[in-house]
Amino acid sequence: MPVEITWWGHATCTVEDSGTRVLTDPLFARRLAHLRRRRGAPPPAEAAVADVALVSHLHADHLHVPSLARLAPGTRLLVPRGAPRQVPGLRRLDHLRLTEVAPGDETRVGDLVLRTVTARHDGRRLPLGPHQSPAVGFVIEGAARTYFAGDTGLFESMAQEVGPVDVALLPVGGWGPFLGPGHLDAGRAAQALARLMPRSAVPVHYGTYWPIGLDAVRPHEFHSPGDEFVRLASVHAPEVTVHRLGHGERVRPGAAR
């Protein structure tokens, strides 16, 4: 099988392709500010083992400096262009090999090409700082082509800018009762799937973190996005196989086209 996907929770996944391990938006914390991990144990030590880690944007639940500090010396780290200026803690991670990227860039790691693509999302390091770093997604090209969307809204040129892919890791929710602009809920993610038309998809970015004290506020937004995405994907993109994983579960989606 050409690729194996492990979902550790939120937007953190391991993608293994062509003998190379890629880790997306590493977040290993039980608690992050006002957010508490409500489902799934924090990822085990093996989750921090990677050849390259990808950071899609500067929000603290995607660029988490203490989690990045757990990566082994020499690990490649791709971050949006301008990130070290916005997040000074990145400059202290001198054990990592940091590269700043923007849409259109290609980075080779082992036998993989990591292509940086556009995302429609606020890329600032909130609550501070001007918008100096783009939010991005990545296409991991090896034996398969795997799209990691990071955080993004639906946009007209998505299929054109992402290009043909075999597997799509799509956000289908968030960490709170309401999703603001620049996000995909289950319905919009199903529409994105219909535009991208990969062979397989894995829903991510839901059912992991929730604000402390808000357990009873719109709890369906925490529990249901994965199942709702499976249902809506069968309507909008019935040709696509959707793998709804539990925390720590992995899947081999199948041969690439």
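In the hairpin of β1 and β2, two residues lie between the strands, and H10 takes a positive phi near 50°. The hairpin of β2 and β3 likewise has two residues between the strands, and here S18 takes a positive phi near 55°. Strands are DSSP runs of E of at least two residues, and helices are runs of H or I of at least four residues, both numbered from the N terminus.

This is a predicted model, in which local features need pLDDT of at least 70 and side-chain atom pairs count only at pLDDT 80 or more, while totals for chains, interfaces and linings use all residues. Residues are numbered from 1 along each chain as its sequence is written, and side-chain values use heavy atoms, with hydrogens and water left out.

**Strand pairing**

Two strands count as paired if DSSP finds at least two bridges between them.

| Strands | Sense | Bridges |
|---|---|---|
| β1 (residues 3-9) and β2 (residues 12-17) | antiparallel | six bridges |
| β1 and β17 (residues 250-251) | antiparallel | two bridges |
| β2 and β3 (residues 20-24) | antiparallel | five bridges |

In β17, V251 stands opposite I5.

These strands belong to an open sheet of seven strands with mixed pairing, in the order β8-β7-β6-β3-β2-β1-β17. Its edge strands, β8 (97-101) and β17, each pair on one side only.

**Burial**

Buried means under 20% relative accessible area, exposed over 50%, and partly exposed in between, with a 1.4 Å probe and protein chains only. Strand β1 is largely enclosed by the rest of the structure, because seven of its seven residues are buried. Strand β2 is mostly covered, with five of its six residues buried.

**Nonpolar cores**

In soluble globular proteins, nonpolar side chains tend to be buried together. A nonpolar core is here a set of buried Ala, Val, Leu, Ile, Met, Phe, Trp, Tyr and Cys residues joined through side-chain atoms within 4.5 Å. The largest such core has 51 residues, and Y147, L193 and F229 have the most contacts inside it. Helix α4 (residues 186-196) gives the most to this core, with six residues. Another core, of 20 residues, lies apart from it and includes A47, A50, V79 and V87.

Contact means heavy atoms within 4.5 Å. Leaving aside neighbours within four places in sequence, F229 is in contact with L170, V172, A186, A189, A190, L193, A201, P203 and V242.
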